[in-house]
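The sequence and the model are shown first.

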Amino acid sequence: MASIRTSRAACRALGAVARPLAAAPRCAREFSTAFRLPTVNAGTRPRTKQAQRFNPGFAAPGGSARTIFIQTENTPNPDALKFLPNHRVLPEEVNTTFIEYLNPRSTIAPPYPSPLAAKLMNIDGITSVFYGADFITVTKSSDAQWAHVRPEIFALITEAITSGEKIVNVVERKDGEEGQAAVEEDSLAYNENDSEVVGMIKELLETRIRPAIQEDGGDIEFRGFIDGYVNLKLRGACRTCDSSTVTLKNGIEGMLMHYIEEVKGVNQVLDEEEEVSLAEFAKFEEKLKQQKGQAQSASAA
């Protein structure tokens, strides 16, 4: 129990000084275990150097011109772009920190249908839409070009905000009705049934890991603690990033094992389509290695 109390004390102290980490140039984050005092004001939100602003003007009901600013930030995933509309995205009554739409059907299904997400998913080359509390992450296919799809994304987000249209509707799911596989509550929220170790894990994820992941245009989901291993799922821009496994193993796993001795490691939870994609990527990498080896043998001969 002494070790658990010590870990809890470290956890509490860490949470007291926790601040979002600066955005890394790639997905392979290494989460520092050192204490660091905040270097920005509490109300200041860190921005990446690549941030751009889009300020379309529009006429207000009284006839006067108004301007809104939509800021964009690059993410470590080259196929995902983060849009900050300076407007709350998730409704206050939603109990989760994110909503993710992975196909057009999910944008119209309960419990969180979204007219804006439906329009965004209708753009050629867009594969997913992710909503954070105050940002939208749009992911495209690798063969689509941002120069072609970004103007339409800007236009749709601007239209949704200026029209006063609800970005997310909350609809009760009827008995037997199929709906989206949405997360309806925050997996890191306090639960009185959690063990002390699980409580410490959630606290570290909430105070030190989640802010950094959200800065990269994603979020993290806790899927359980079994036999010493923490099951986690990355969402948003981090879900399809090539270095997501490195982030989990070298960053998140290292921090959790440093502060909580009961943690033996971290496992990444994958959907079926993600497992297929990783398997295909592994086959492709193996094929490239074989071709490289054959080329080297031929040159040596």
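## Salt bridges

R88 counts as partly exposed because its relative accessibility is 41%, where partly exposed lies between buried (under 20% relative accessible area) and exposed (over 50%), with a 1.4 Å probe and protein chains only. R88 forms a salt bridge with E92, with 3.6 Å between the closest N and O atoms, a salt bridge being a side-chain nitrogen of Lys or Arg within 4 Å of a carboxyl oxygen of Asp or Glu. E92, at 63% relative accessibility, counts as exposed.

The model is predicted, so local features need pLDDT of at least 70 and side-chain atom pairs count only at pLDDT 80 or more, whereas totals for chains, interfaces and linings use all residues. Residues are numbered from 1 along each chain as its sequence is written, and side-chain values use heavy atoms, with hydrogens and water left out.

The structure holds 12 salt bridges. In one of them D79 and K140 meet at 2.8 Å, N to O; this pair links distant parts of the chain, 61 residues apart, with D79 in the loop between β4 and β5 and K140 in strand β8. K140 counts as buried at 7% relative accessibility.

## Helix α4

Helices are DSSP runs of H or I with at least four residues, and strands are runs of E with at least two, numbered from the N terminus. Of the 20 residues of α4, 16 are buried, so the helix is largely enclosed by the rest of the structure. A kink of about 45° lies at I209, shortly before the proline P211, the bend being the angle between axes fitted to the seven residues ending there and the seven starting there.
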